[in-house]
Structure formats: C-alpha cells, structure tokens
Amino acid sequence: MVSVPRLVIAAPASGSGKTTVTAGLMAAFAERGLDVSPHKVGPDYIDPGYHALAISSAASSGASGAGRSRMGDARPGRNLDAYLCGPDRIAPLFLHGAAGCDLALVEGVMGLFDGAAGQGELASTAHVAKLLRAPVVLVVDASSQSRSVAALVHGFASWDPGVRVAGVILNKVASDRHEAMLREALEGCGVPVFGALRRTRAVRAPSRHLGLVPVAERHAEAVDSAAALAARVREGCDLDGLLALARSAPPLSGRAWDPEEEIHRAMDAVPGAGVRGGRAARPVVAVAGGAAFTFSYAEHAELLTAAGARVVPFDPLRDERLPEGTGGLVIGGGFPEVYAPELSANEPLRTAVAGLAASGAPIAAECAGLLYLAHSLDGEPMCGVLAAKARMSERLTLGYREAVAVSDTSLAAAGTRVRGHEFHRTTIVPGAGPEPAWGLVHPERRTEGFAQGDVHASYLHVHWASVPGAAARFVDRCAPPAG
C-alpha cells in the first residue's frame with residue numbers, strides 16, 4: 001500500500017478553466033517548496049507541458065533552497081489514459097510518476113463523466129478518479145449563474161456514488177457580491193468551496209487549430225503566465241484546505257510501473273527480441289524535439305532507455321546534423337505545418353534523415369513525423385522519404401482508434417493490436433502506402449500510414465506503455481555505434 005496525497009481537478013464541461021486552475025495550483029504549491037507531481041487524464045500532449053513549466057518555474061522562484069535541492073529536476077507532465085493504456089495500468093503509471101512526491105495533481109479531460117465515445121465511463125475523468133481513489137475538486141464556470149450553481153454541483157456530486165466530489169473551486173466570478181451569492185447557494189449542498197477566482201484576461205494562453213499553443217513556442221510568456229496564475233490561486237483558494245483534502249486520499253495498492261520490468265517481460269514474450277539489449281555499446285536513438293515536435297509521452301524515452309538505447313534529443317529547426325552515431329530515429333507529434341518553411345530550409349538535416357532511412361535504420365514517425373518524412377508539406381519540400389504530399393485541411397480528425405499492424409515493422413509484428421489516437425488538421429495523399437502501417441478496425445475500417453523498410457510512419461499516436469515490446473523491437477533493430 002502506497003500513500004500519495006492527490007487530487008483530481010475536474011469540471012462539468014470543457015472550457016470551465018481546468019487547465020489554468022490546475023496550473024495555478026501546481027505553481028502555488030511548488031512555490032511553497034512542495035514536490036508536486038503533474039498528471040493529465042487523456043491523450044493530450046499540450047497541457048502536461050504547461051503543468052511541468054508551472055511547477056519548475058514556481059519551484060525555482062518561490063521554493064526555499066532546501067526545497068529546490070530536494071526536488072532536483074522538475075517532474076515531466078504525465079498522461080493517464082485508460083483507453084490507450086488500459087484501466088489496469090492507470091494506478092501503476094500514476095505511482096511511477098508520483099513516486100516520492102508531496103502532492104500529485106491530476107487535471108481531468110472534458111466534463112467529469114465524458115469518456116471514450118460509446119464506451120460508457122471508459123477513459124473519463126471520473127473513471128480515472130475511481131481507479132486512483134482520489135478526491136475530485138470541481139472547477140465551475142460561474143460566470144452566468146448564481147443559485148443554479150447549487151443544483152449543478154449537487155447533480156455532479158450525486159450522479160455516481162463511486163466518485164468522491166469533495167470540493168468546488170468557483171471560476172470566472174464577477175464580483176464580491178457574485179461570490180457571496182454563489183457561496184450562499186452552496187452552503188446546503190454538502191460540497192465545500194475551496195476557492196473563488198475572478199475573471200481575468202491576464203493569464204489566458206493563446207490557442208490555434210489544435211488547441212493551446214505549446215509551451216516550447218512561448219516559453220518566456222508562459223513563465224510569466226505561470227507566476228500570475230500562482231498569485232491568482234494564492235489569493236483566491238484555500239491551499240491548506242486543499243492539501244488536507246489531498247492527504248485524506250486512501251493508500252493505493254499495487255506496484256509502480258517499471259520500464260525495465262516491462263521491457264524484460266516484452267523480451268521474454270517474443271523469441272529473439274532484445275538480443276542487443278545487453279550490449280556494452282548502447283545504440284543512439286535520436287528523438288526529435290524543439291518547437292515543431294513537442295508531442296511525446298515521457299514513458300517512451302524511459303522505455304527506449306530500458307531497452308538499451310542512449311536517447312539523444314535534437315531540434316530539426318536548429319540542428320543541421322543528426323546526433324553523432326544515430327542508429328534509430330523517433331519523430332513524434334507536433335506542429336510542422338506551422339514551421340514548414342523553416343523545416344524545409346534546413347536542407348542538410350532533411351538530407352541526413354533521408355540518408356538514414358535509405359541505410360535501413362529504424363525510424364518511427366507519428367503524425368508530425370509522418371508529415372516531416374513526406375515529399376512535401378503545403379508545397380514546402382520535406383525529407384522525401386515517403387512518396388506522399390501533405391497539406392493543411394479544414395477538417396479536424398480527432399478520436400480514439402483501434403488498429404492492427406498490417407506489416408512487420410520496426411515497431412510491431414504483423415497482427416499486433418493496439419489502441420491509439422488521431423488528432424490533426426492535415427491530410428496526406430496517399431493516406432497509406434503499398435504496405436500500410438495499420439489497419440484501423442474501430443470505429444471505422446481503413447488502412448493508414450506507411451511501412452517502408454524499417455520506416456514506420458502514421459497519423460496514429462500510440463502510448464508505448466501499452467505495447468512496451470515496440471520499444472524493445474525498435475532498439476533491437478538500431479545499428480550499434482561505430483567502433
């Protein structure tokens with residue numbers, strides 16, 4: 001049994017202010033010197049970046065020297081997605097990310113009870129809260145209501161007895177009088193109010209076609225916003241009461257997720273896998289980063305490392321060469337469409353990526369990586385690894401997918417079943433190569449992506465914690481360092 005003080009920050013609907021309130025709470029508690037562990041329900045890559053920034057910037061500016069040295073490097077934001085990873089992995093992944101923390105804060109997704117379409121509570125904030133046995137604090141947009149807030153909170157608190165809605169934070173409150181009316185209405189509701197935050201435009205994060213602009217693209221401005229959020233939460237929320245509520249969460253049973261154990265199990269399950277994992281010379285896996293490629297789950301690098309790789313980040317916007325000795329390449333999601341001219345202008349790196357693919361080295365590309373490997377993106381030349389052209393589209397493609405590997409690739413043997421997620425406003429023609437990467441089986445049936453030699457390129461985002469064999473297989477195919 002493991003005791004981890006924890007809260008789930010939820011809301012009745014999207015747009016209520018979950019991200020700003022959660023980031024503000026994280027920053028405010030980090031300023032106190034607490035080691036805060038950030039988590040996000042669902043597949044979203046962008047919010048965890050704001051969480052990590054809020055904690056790291058607040059800790060460096062507000063925590064005592066002892067607190068900063070104890071916390072060391074800031075914890076990465078981590079996702080808890082019961083659809084992608086399965087319900088049984090949620091508590092282990094949480095315990096892995098939150099190990100040794102003083103407080104774990106979990107931001108929800110959409111409305112509290114909204115989950116995977118047509119699958120009941122699966123992957124909803126309520127589902128994850130149950131799996132974590134965590135108290136829920138409801139962030140309510142109070143901008144257009146007064147007494148009705150009590151009916152709303154009562155309904156959410158009583159809808160599912162398995163979900164402990166233990167507090168409310170009122171957001172977008174207009175005035176002292178408005179706050180008094182809201183608090184009076186909630187007095188008989190049985191759910192305490194832990195804060196009331198005024199309307200403000202000072203800390204809004206800019207958005208575009210796929211949601212918030214990632215932290216990597218506006219770091220300095222985001223640091224200032226985190227400080228403003230922390231001040232707003234300090235003034236408007238009962239931090240001592242929230243911490244006491246978090247500490248009331250019961251112990252969790254089970255063991256923390258361990259990437260090395262996962263890799264060993266994956267190797268044992270696949271004959272011949274991992275034959276290079278014990279080498280003294282660790283193959284170099286280059287991982288794209290920077291402003292154009294910000295989408296990655298922290299567990300991917302941990303699994304690659306556990307499988308025997310030396311993970312080296314690089315920035316395709318700045319670096320003209322791949323890291324020295326690169327034996328494999330991972331290009332995750334992001335916004336290459338925003339930086340298409342700059343990525344195209346870096347011809348030396350595009351040539352190096354094409355050369356790596358031609359050499360037979362494994363390349364795993366998801367969404368943004370797929371676009372970067374294409375012949376062109378919005379008319380700008382890309383790496384030319386794939387005989388396909390990509391462009392921006394008016395149509396948003398969004399949702400969970402079930403898929404099966406059509407071909408043997410660097411990530412999966414043919415027949416491997418996965419659950420993934422699509423999230424893009426681009427299209428690529430053709431949508432699949434002669435050897436597709438995946439056959440989608442739910443909610444629609446079609447082939448998708450490219451399996452070309454040891455290149456695996458697809459729009460589908462897959463969380464490798466659910467298929468750790470992908471990391472073992474990928475590293476096993478990487479070329480050893482020269483010499």
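Visitor: How many helices and strands does the protein chain have?
Guide: The protein chain has 15 helices and 22 strands. Helices (H or I, at least four residues) and strands (E, at least two) are DSSP runs, numbered from the N terminus. This is a predicted model, where local features need pLDDT of at least 70 and side-chain atom pairs count only at pLDDT 80 or more, while totals for chains, interfaces and linings use all residues. Residues are numbered from 1 along each chain as its sequence is written, and side-chain values use heavy atoms, with hydrogens and water left out.

Visitor: What share of the residues counts as buried?
Guide: Buried means under 20% relative accessible area, exposed means over 50%, and partly exposed is in between (1.4 Å probe, protein chains only). Here, 58% of the 483 residues count as buried. As for the surface, the protein chain exposes about 18900 Å², and carbon and sulfur atoms supply 52% of that. Those areas come from the Shrake-Rupley method with a 1.4 Å probe, and for residues only the protein chains shown count as cover.

Visitor: And contacts? What share of them joins residues at least 24 apart?
Guide: A contact is a pair of residues with heavy atoms within 4.5 Å. Take the contacts between residues at least 6 apart in sequence: 78% of these join residues at least 24 apart.

Visitor: How do I read a nonpolar core, and which residues touch the most other members of the largest one?
Guide: In soluble globular proteins, nonpolar side chains tend to be buried together. A nonpolar core is a set of buried Ala, Val, Leu, Ile, Met, Phe, Trp, Tyr and Cys residues joined through side-chain atoms within 4.5 Å. The largest core here has 85 residues, and Phe94, Leu112, Leu170, Leu304 and Trp438 touch the most other members. A second, separate core of 38 residues includes Ala288, Tyr372, Cys383 and Leu386.

Visitor: Which residues does Phe94 touch?
Guide: Leaving out residues up to four places away in sequence, Phe94 touches Val4, Arg6, His39, Leu80, Ala104, Val106, Leu132 and Leu252.

Visitor: On to charges. How many salt bridges does a search of the whole structure find?
Guide: A salt bridge is a side-chain nitrogen of Lys or Arg within 4 Å of a carboxyl oxygen of Asp or Glu. The search finds 22 of them. One of these joins the side chains of Glu31 and Arg234, at 2.4 Å from N to O. This pair links distant parts of the chain: Glu31 sits in helix α1 (residues 18-31) and Arg234 in helix α8 (residues 219-236), 203 residues apart. Arg234 counts as partly exposed because its relative accessibility is 43%.

Visitor: Which residues are linked in a network of salt bridges?
Guide: Asp176, Glu179, Arg183 and Arg198. Within that group, Glu179 pairs with Arg198, with the closest N and O atoms 2.9 Å apart. Glu179 belongs to helix α7 (residues 176-186), and Arg198 to strand β7 (residues 193-198). Glu179 has a relative accessible area of 18%, so Glu179 is buried; Arg198 is at 27%, so Arg198 counts as partly exposed.

Visitor: What is the nearest side chain of opposite charge to Asp81?
Guide: For charge, Lys and Arg count as positive and Asp and Glu as negative; His and the chain ends are not counted. Asp81 is buried yet has no salt bridge, and the nearest opposite charge, Arg419, is 7.7 Å away. Asp81 lies in the loop between β3 (78-80) and α4 (90-98). A polar atom of the Asp81 side chain lies 2.9 Å from the backbone nitrogen of Tyr83.

Visitor: Where is Leu84 found?
Guide: Also between β3 and α4, in the loop. Why does Leu84 count as buried? Because its relative accessibility is 3%. Leu84 and Val467 are 383 residues apart in sequence, yet 9.8 Å apart in space, C-alpha to C-alpha. Beyond four places in sequence, the contacts of Leu84 include Pro43, Tyr400, Arg419 and His463.

Visitor: Last one: is Ser410 buried or exposed?
Guide: Ser410 counts as buried because its relative accessibility is 0%. The place of Ser410 is in the loop between β16 (389-405) and β17 (417-429). A polar contact is a pair of N or O atoms within 3.5 Å; within protein, one must be able to donate a hydrogen and the other to accept it, and residues adjacent in sequence count only if both atoms are side-chain atoms. The Ser410 side chain reaches the backbone oxygen of Asp454 at 3.2 Å. Beyond four places in sequence, Ser410 is in contact with residues including Pro362, His456 and Arg473.
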